[in-house]
Amino acid sequence: MKHYYVTTPIYYVNDAPHVGHAYTTLACDVLARFMRLDGARVHFLTGTDEHGQKVEKAAAAAGMTPQAFTDKVSQNFRALAKALNISNDDFIRTTEARHIKSSQAIWRAIAANKSPKGRDNIYLGKYAGWYAVRDEAFYGENELVTGPDGKKRAPSGAEVEWVEEPSYFFRLSDWQDWLIAYYETENPGFIGPVSRRNEAISFVRQGLTDLSISRTTFKWGVPVPDAPDHIMYVWLDALTNYITAVGYPDTKTDLFSIFWPADLHMVGKDIVRFHAVYWPAFLKAAGIAPPQRVFAHGWWTVEGQKMSKSLGNVVEPNALIARYGLDPVRYFLLREVPFGQDGDFSHAAMVRRLNTDLANDLGNLAQRVLSFVAKNAGGAVSQPGALTAADEKLLGAARNLLPAVRAELAEQLFHKALDALWQVVGDANRYIDEQAPWTLRKTDPARMSTVLYALTETLRRLGLLLQPFMPDAMAKLLDQLAIPADARDFAAFERALVAGTALPAPQGIFPRYVEEGEATAGKGGQKGR
Ligand code: MSP
């Protein structure tokens with residue numbers, strides 16, 4: 001059986017969930033659902049990153065202990081997953097006992113092995129350098145920029161502070177050649193998109209310095225084995241979640257042997273270095289296989305501006321869902337912007353996608369076909385006669401969608417997969433206009449039957465393939481086509497509709513979004529607030 005392990009980053013609990021978090025999780029959900037429908041055994045992991053200085057500070061600001069604080073706020077991310085209809089198989093918190101055990105085990109494994117140059121992978125030293133709490137990252141002097149206020153900042157804009165403390169180091173510098181060989185020879189598809197791959201390769205080529213992997217000036221973290229004054233650097237702890245969730249350190253379990261190495265770590269572009277440089281090196285040093293692939297998506301701005309608390313423009317997923325509906329939001333986020341690039345969220349763009357792609361193109365197609373069948377074809381799947389070239393063309397295009405969508409999603413190109421699907425939506429809309437079943441009803445009822453068959457069969461294939469993107473809306477469409485529950489996976493993609501099957505009364509799937517105050521409000525449209 002095929003298997004597929006996909007992970008989201010684990011989210012820092014200090015922040016309220018926003019559209020950026022929703023985006024990463026949603027992209028993974030579409031892949032997990034697609035792979036399940038395509039016959040794979042899937043493990044889909046998400047969760048929360050709860051240690052480190054940033055969370056410790058946020059807890060103090062809230063007047064709570066870090067544990068009580070994280071217990072409370074990690075719930076917001078569970079609730080987000082539920083609100084987005086996310087099909088995760090596990091939700092991990094880095095404060096769980098299974099994870100503390102796993103983090104200490106990977107530390108021990110790294111320490112027990114030698115680097116490629118035969119030296120200790122971990123050694124005790126003293127860190128003296130810059131640290132950005134917001135990024136939980138160490139930066140070299142040469143990476144910093146000085147702002148107009150004279151303050152030094154990380155490339156991400158985060159403020160940095162000078163840190164001097166005893167620290168254990170990971171001998172990252174000895175892993176440089178191995179990493180380059182991994183990217184270039186052993187696993188050329190490791191990092192996507194190509195622009196991020198090139199960045200990571202050039203970062204490694206510039207020369208790696210050893211990485212501080214423990215802290216001693218605060219307490220909120222996983223204790224370093226046999227060194228109680230040290231806690232593990234939060235990124236080493238955080239990255240380890242991906243193996244904890246499949247049973248590490250017990251590598252004999254089914255979960256570990258089936259699902260590790262992970263097929264895909266989905267991340268945002270800001271955290272490529274951690275996933276594509278540090279993580280494979282940590283794993284290799286611990287004697288564990290590195291993951292298959294890391295894909296970095298872009299960032300969302302809002303109405304052309306950076307999303308930030310101080311600007312007060314943070315887009316909150318629950319508000320989006322309440323306003324536009326869940327499936328339109330899921331569709332929009334993955335359709336609007338080529339996956340991998342930055343994009344802008346705007347109300348106008350959201351409404352355009354909802355009203356044009358969903359209500360007009362797909363919703364209207366389904367509504368036209370199904371209500372015509374209900375009124376003029378006895379409310380049942382029509383009997384096809386001999387197929388014309390036009391019928392074959394439409395049915396062939398719909399049939400080819402499965403391999404096409406599979407290929408696009410194998411490279412995380414959601415927008416291209418949706419584009420391929422909408423080509424066929426467009427073909428079907430043109431076909432119905434050209435074939436004009438309303439005329440055939442009077443002139444050639446047998447031909448009308450064939451045309452309706454081709455259209456309903458095309459709707460069936462579209463409905464099946466769009467399930468991962470819009471699970472609820474497509475369940476409604478497949479219900480209206482009377483597709484039984486056991487014929488909704490891709491093994492049933494070739495199981496054509498059976499003529500004569502009674503179809504339930506059609507109902508609209510995507511109501512138009514109507515702006516508050518527009519004259520048409522009240523005609524069943526979704527009302528703006
Ligand atoms: N805790 C770390 C990840 C550890 S994984 C072992 C972290 N957490 S985070 O909560 O700050 O960010 C999680 C994800 O949200 C990142 O992939 C980040 O790119 C994404 N986004 C945060 N803001 C975003 C946008 N404005 N737009 C798109 N994604 C954004 O980093």
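Q: At what angle do helix 4 and helix 10 pack, and how far apart are their axes?
A: In this predicted model, helix 4 and helix 10 (residues 272-285) pack at an angle of about 70°, and their axes are 8 Å apart.

Q: So parallel or perpendicular?
A: Roughly perpendicular, because the angle falls in the range from 65 to 115 degrees.

Q: Which residues make the contact?
A: Helix 4 contributes Ile106, Ala109 and Ile110. From helix 10 come Trp279, Phe282, Leu283 and Ala285.

Q: Which residues of helix 4 are buried?
A: The buried ones are His99, Ser102, Ser103, Ala105, Ile106, Trp107, Ala109 and Ile110.

Q: What span should helix 4 have, and what does the model give?
A: Helix 4 has 16 residues (97-112), so at 1.5 Å a residue it should span 22 Å. Its end C-alpha atoms are 23 Å apart, which agrees.

Q: New topic. Where is Asp391, and is it buried or exposed?
A: Asp391 sits in helix 14 (residues 389-399). Its relative accessible area is 0%, so Asp391 counts as buried, the cut-off being under 20%.

Q: What does its side chain make a polar contact with?
A: The side chain of Arg447, at 2.7 Å.

Q: Which residues does Asp391 touch?
A: Leaving out residues up to four places away in sequence, Asp391 touches Ala386, Tyr431, Arg447 and Thr450.

Q: On to the backbone. Where are there cis peptide bonds?
A: One runs from Gly192 to Pro193, with omega near -10°. Another runs from Tyr248 to Pro249, with omega near 10°.

Q: Where do Pro193 and Pro249 lie?
A: Pro193 is in the loop between strand 10 (191-192) and helix 6 (194-205). Pro249 is in the loop between helix 8 (241-244) and helix 9 (254-259).

Q: What is phi at Glu303 and at Ala482?
A: Phi is near 45° at Glu303 and near 55° at Ala482. Most residues other than glycine have a negative phi.

Q: And where are Glu303 and Ala482?
A: Glu303 lies in the loop between strand 17 (300-302) and strand 18 (305-306). Ala482 is in the loop between helix 19 (471-480) and strand 20 (513-514), and is partly exposed, with a relative accessible area of 29%.

Technical notes
Residues are numbered from 1 along each chain as its sequence is written. This is a predicted model: local features need pLDDT of at least 70, side-chain atom pairs count only at pLDDT 80 or more; totals for chains, interfaces and linings use all residues. Side-chain values use heavy atoms; hydrogens and water are left out. Helices (H or I, at least four residues) and strands (E, at least two) are DSSP runs, numbered from the N terminus. The expected span of a helix is 1.5 Å times one less than its number of residues. Buried means under 20% relative accessible area, exposed over 50%, partly exposed in between (1.4 Å probe, protein chains only). Axes are lines fitted to C-alpha atoms, for helices over the stretch in contact, and angles run from 0 to 180 degrees between N-to-C directions. Angles under 35 degrees count as roughly parallel, over 145 as roughly antiparallel, 65 to 115 as roughly perpendicular and the rest as oblique. Contact means heavy atoms within 4.5 Å. A polar contact is a pair of N or O atoms within 3.5 Å; within protein, one must be able to donate a hydrogen and the other to accept it, and residues adjacent in sequence count only if both atoms are side-chain atoms.
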